[in-house]
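Please open the model in a viewer and keep the selection tool at hand.

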Amino acid sequence: MHLLFQYHVPATDTTYYCSFHDPPELDSKHHILSIEPLITKGNEALVHHMVFFACWGVDKEHLKNNNKTEGICDTPEMPEFASSCFNMEYAWAVGGSVEMIVYY
């Protein structure tokens, strides 16, 4: 699964941008094996870090039917369920590479 989307970075010193994505519907159990940030060539200096949070307890239908699924974090642009997205699953910062996930 690739989460690819375009975002125009505003001309401000710092912007925290959030987006919400519903995972794909799968017929059987799957595992995430790796996570890798894909930054458009030439934009590397604009991206300092990324954090991936899980939103537990959010009704899937609510997510699918909500048109406020991206915008500036911690503003009225965010959907009301954003406060339930506090479980950090992955973080990346400048200098990081592909994260390989090992299951024991």
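A disulfide is a pair of cysteine sulfur atoms within 2.5 Å. The model is predicted, with local features requiring pLDDT of at least 70 and side-chain atom pairs counting only at pLDDT 80 or more, while totals for chains, interfaces and linings use all residues. Residues are numbered from 1 along each chain as its sequence is written, and side-chain values use heavy atoms, with hydrogens and water left out.

**First selection: Cys 18 and Cys 73**

The structure contains two disulfides. Select Cys 18 and Cys 73, which are joined by one of them, with an S to S distance of 1.8 Å. The torsion about their S-S bond is about 115°, so this disulfide is right-handed. Cys 18 belongs to strand 1 (residues 17-19) and Cys 73 to the loop between strand 4 (70-72) and strand 5 (87-93), so the pair ties together parts that are 55 residues apart in sequence. Helices (H or I, at least four residues) and strands (E, at least two) are DSSP runs, numbered from the N terminus.

Burial is classed by relative accessible area: buried means under 20%, exposed over 50%, and partly exposed in between (1.4 Å probe, protein chains only). Cys 18 is partly exposed at 21%, whereas Cys 73 is buried at 15%.

Next, select Cys 55 and Cys 85, whose sulfur atoms lie 2.0 Å apart in a disulfide. This link is right-handed, with 110° about the S-S bond. Cys 55 is found in the loop between strand 3 (49-54) and helix 1 (60-64), and Cys 85 in the loop between strand 4 and strand 5, 30 residues apart. Cys 55 is partly exposed, at 28% relative accessible area, while Cys 85 is buried, at 12%. With bonded cysteines counted along the chain, the disulfides follow the pattern 1-3, 2-4.

Move to Ser 84, in the loop between strand 4 and strand 5. Is Ser 84 buried or exposed? Ser 84 is buried, with a relative accessible area of 18%. Contact means heavy atoms within 4.5 Å. Apart from its neighbours within four places in sequence, Ser 84 is in contact with Ala 54, Cys 55, Trp 56 and Val 58.

Finally, select Leu 46, located in the loop between strand 2 (34-35) and strand 3. Leu 46 is exposed, with a relative accessible area of 53%.
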